[in-house]
Amino acid sequence: MKPNHFTIVLFSWLVAASLCGQTPPTNTNMDAFVSGLLGRMTLEEKIGQLNLLSTGFDVTGPVASKNVEANVRNGSIAGVFNLYTPARVRKLQELAMGHSRLRIPLLFGYDVIHGHKTIFPIPLALACTWNPELIEKSARVAANEASADGVNWTFSPMVDIARDPRWGRIAEGAGEDPYLGGLIAQAMVRGYQGDDLTRSNTLLACVKHFALYGAVEAGRDYNTADMSRLTMYQYYLWPYQAAVDAGVGSVMASFNEVEGVPATGNRWLLTGLLRKQWGFKGFVVSDYTAINEMTLHGMGSVEHDAELALKAGLDMDMVSEAYVKYLKKLAAEKAAPEAIIETACRRVLEAKYKLGLFADPFRGCGEERAEREILTPENRKFARDLAARSFVLLKNADQTLPLKRSGVIALIGPLAESRRDLLGSWSAAGDWKSATSILDAVKQAAGAEVSILRARGANLVDDPVLLETLNSSGADIVPDQRSRQEMIKEAVATAQKADVVVATLGESFAMSGEAASRSELGLPKGQEELLKAVVKTGKPVVLVLMNGRPLTLPWEEAHCSAILETWFGGIEGGHAVADVLFGEYNPSGRLTTSFPRNTGQIPLYYNHKTTGRPYLGDPHVKYVSRYLDVANSPLFPFGFGLSYTSFSYSKVRLSRRALAGDQTLVATVDVTNTGRRAGEETVQLYITQPVASVTRSVEDLRGFQKIFLQPGEERAVSFRITAEDLKFYNSELRYDWEPGDFVIRIGPDSSQLYSATLHWTKSQ
Ligand code: BGC
């Protein structure tokens with residue numbers, strides 16, 4: 001049998017390794033193996049392992065790396081990102097294995113954020129399924145596909161808590177809640193890494209962006225973040241720590257500063273907290289050119305920043321090339337001790353070892369496997385199901401939905417035909433041409449008794465500057481050249497001929513994600529005008545939203561008959577919209593981020609404090625915490641979402657009203673499906689501690705259960721609560737619980753809860 005490339009390369013590695021005195025890696029203890037290798041590395045080669053370059057298909061930052069191949073040959077690179085396909089990966093890996101002195105395999109990173117080629121809904125949408133098991137499965141599928149395509153490291157999960165929807169990257173995370181965010185972070189790490197990272201269908205995960213990136217001031221991307229340590233610990237750090245607890249292999253430092261020092265060079269953050277307190281054992285990578293950017297933050301020259309970053313605990317430099325430029329000199333001057341360089345290098349080599357790269361640098365990637373395992377019918381089916389589960393029904397007056405399979409439907413709006421937008425931002429290797437538009441999917445699903453009329457009605461955006469900005473980041477918006485009035489006129493005439501109007505409105509995918517902050521969160525003006533004109537016809541209007549963040553929709557909420565939030569639903573998003581519109585799937589998604597009434601309310605989140613002057617609903621009382629011109633409450637609260645059926649809740653029953661120490665409380669409600677269709681309900685548990693040594697949130701999510709009920713079916717849903725669930729950080733930043741009164745709240749969302757009170761003391 002003719003040896004293939006892989007056999008030749010592996011053989012040459014083994015020969016090289018044994019010549020260098022290395023024993024084959026598979027049976028070798030990692031420490032001994034890595035120490036042995038380190039012992040043979042020059043300082044330059046060690047520094048090379050701290051250098052990550054971007055090459056290949058996408059440019060995901062302001063600078064493109066050059067001379068990648070030369071860097072691979074001379075061993076001054078740990079890996080690359082933005083390059084995939086078995087052929088390309090093999091070519092570069094063969095170069096590393098065949099031509100670099102020590103034949104150290106490369107990492108191949110990529111932003112596999114919500115699927116590789118089978119693109120799932122954007123992460124914010126996935127979170128709205130409130131289903132960690134299925135989210136884990138989506139990460140598993142993504143890992144399988146991406147690894148078949150040669151990728152071995154993903155820059156995911158992104159777990160930044162965000163309370164400000166002006167920030168476009170809210171689309172990439174799980175929303176505003178630390179508890180749910182933590183569960184999802186862990187699910188994703190498990191999904192990517194599996195239980196054995198050496199298996200060729202896993203990916204090394206990278207939790208990002210550490211830390212507090214979601215709290216950038218005014219929602220403007222890359223802006224300053226600043227908060228008390230207590231707030232960090234209580235709300236923002238939780239999901240990163242959860243990912244570390246789940247064994248995430250790498251961490252990405254965030255662009256922003258933390259307590260006045262950029263995260264990239266923040267020793268308290270990257271060493272004190274991450275390693276010493278949390279026990280993180282993997283490696284830390286910077287974000288794109290973030291070491292260079294420390295200069296603009298005001299931290300001094302790039303050379304100095306490289307020193308700061310290294311000493312802070314930042315192991316790998318993404319694209320800045322500051323480490324390869326300066327660390328040797330800094331080491332010679334004793335400014336950057338070689339021991340630190342060696343430790344950082346060890347961490348990177350350990351990650352490669354754990355991935356099994358020393359045993360199989362190609363991890364079984366090949367055309368055949370890629371062909372067989374990527375974008376399979378099963379994966380697509382799963383993506384369709386997951387997309388339907390991520391949609392949130394925000395309004396459904398007079399049971400406008402599901403649509404009847406007879407009569408005339410007018411499908412208007414600029415997004416009905418867009419396939420690119422369905423994929424959302426960070427859609428990795430996804431190809432929008434394999435998606436089906438909402439228009440086509442609705443046509444396919446409608447059946448012979450339905451006629452579909454179509455009018456575009458408006459452009460996605462009208463502002464020419466915005467249009468150009470979006471198109472320069474790949475939005476691919478081709479504006480209709482007709483005037484606004486002409487387009488609206490056509491849409492109104494179309495609506496008049498229909499029984500029901502489905503208006504597909506919202507954002508271009510490029511209006512959310514990285515570097516896509518917005519100061520106004522309404523529908524773009526032209527779309528808003530269109531909607532108003534169509535509503536005026538008196539026809540029932542179903543607003544189908546596509547967007548990557550909460551929008552401000554007070555007018556829409558008051559005037560549309562139904563509103564279905566579909567986010568960016570991924571490669572099967574079009575079909576999933578049709579499934580939900582026609583009732584093939586009964587919507588079950590619940591918001592994980594509050595929808596404000598206007599941007600002036602932002603930041604807006606459910607787990608806020610009461611303040612000393614809470615507003616209790618009487619507008620005649622003056623000196624209270626409220627707005628004169630808008631309610632304090634969100635338009636749609638955290639946890640909210642409707643179904644085509646309805647559910648009722650009994651009062652909360654507690655197993656006891658007085659507890660001590662490690663006793664367990666059981667809180668139960670009976671939930672009944674009071675409608676005419678089977679449906680899924682997400683029963684949510686919140687806990688409040690009205691009095692404590694530090695002020696507490698009005699409530700904190702501490703549990704939830706999803707139950708599927710047939711019409712008329714009733715189910716008792718119980719939560720077991722222990723003192724662990726009562727813990728919080730006190731002003732010494734100690735995580736513990738304090739005795740006192742507690743309110744247990746259970747219900748369908750954060751604003752409609754049934755409560756019961758109890759007392760919990762420390763000892764029995
Ligand atoms: C983003 C990261 C991403 C990296 C690599 C950066 O601009 O902030 O989230 O992983 O680019 O593409």
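Visitor: What separates the centres of domain 1 and domain 3?

Guide: In this predicted model, the centres of domain 1 and domain 3, taken over C-alpha atoms, are separated by 38 Å. The division of the protein gives domain 1 (5-370), domain 2 (388-601) and domain 3 (647-761).

Visitor: How many residues of domain 1 are in contact with residues of domain 3?

Guide: On the side of domain 1 there are 15 residues, in contact with 16 residues of domain 3.

Visitor: How many residues has the largest nonpolar core, and where does it lie?

Guide: The largest nonpolar core has 125 residues, and Trp153, Phe210, Leu237 and Tyr323 have the most contacts inside it. Because domain 1 (5-370) and domain 3 (647-761) both give residues to this core, it lies between them. Apart from it lies another core, of 85 residues, with Cys128, Val535, Leu553 and Leu591 among them.

Visitor: Is Cys128 buried or exposed?

Guide: Cys128 counts as buried because its relative accessibility is 0%, the cut-off for buried being under 20%. Cys345 is buried as well, with a relative accessible area of 0%.

Visitor: Which strands form the open sheet of 5 strands, and in what order?

Guide: In general, strands of a sheet pair through backbone hydrogen bonds, either parallel or antiparallel. Here the order of the 5 strands is 19-27-26-21-22, and the pairing is mixed. Strand 19 (658-660) and strand 22 (700-709) stand at the edges; each has a single partner strand, so one side of each is left without a neighbour in the sheet. On average, neighbouring strands of this sheet are turned by 30° against each other, direction ignored.

Visitor: In what sense do strand 21 and strand 26 pair?

Guide: Strand 21 (residues 679-688) pairs with strand 26 (residues 740-749) in the antiparallel sense, over 5 bridges.

Visitor: Where is the place of Thr761, and which residues is it in contact with?

Guide: Thr761 has its place in strand 27 (residues 752-761). With its neighbours within four places in sequence left aside, Thr761 is in contact with Leu659, Ala660, Gly661, Trp737 and Pro739. Its relative accessible area is 32%, so Thr761 is partly exposed. As a distance to compare with sequence separation, Thr761 and Leu505 are 256 residues apart in sequence and 53 Å apart in space, C-alpha to C-alpha.

Visitor: What is the order of the open sheet of 3 strands?

Guide: The order is 5-6-9, with parallel pairing. Strand 5 (206-210) and strand 9 (283-285) stand at the edges, each with a single partner strand, so one side of each is left without a neighbour in the sheet. Neighbouring strands of this sheet are turned by 25° against each other on average, direction ignored. Strand 5 runs parallel to strand 6 (residues 250-253), and 3 bridges join them. Phe210 stands opposite Ala253 in strand 6; Phe210 was also named among the residues with the most contacts inside the largest nonpolar core.

Visitor: Which residues of strand 1 point one way, and which the other way?

Guide: The general idea is that in a regular strand the side chains alternate between the two faces of the sheet. In strand 1 (residues 51-54), Asn51 and Leu53 point one way, Leu52 and Ser54 point the other way, and all are buried.

Visitor: Which strands pair with strand 1?

Guide: Strand 1 pairs with strand 10 (residues 317-318) in the parallel sense over 2 bridges, and Asn51 stands opposite Asp317 in strand 10. Strand 1 also runs parallel to strand 2 (residues 79-81), joined to it by 3 bridges, and Leu53 stands opposite Val80 in strand 2.

Terms used
Residues numbered from 1 in each chain as written. Predicted model: local features only at pLDDT ≥ 70, side-chain atom pairs only at ≥ 80, totals over all residues. Heavy atoms only, no water. Core = buried A, V, L, I, M, F, W, Y, C linked by side-chain atoms within 4.5 Å. Buried < 20%, exposed > 50% of the residue type's maximum accessible area, 1.4 Å probe, protein only. Domains from an automatic or database assignment. Pairing = 2+ DSSP bridges. Helix = DSSP H or I, 4+ residues; strand = E, 2+ residues; numbered from the N terminus. Axes fitted to C-alpha atoms, helices over the stretch in contact; angles between N-to-C directions. Contact = heavy atoms within 4.5 Å.
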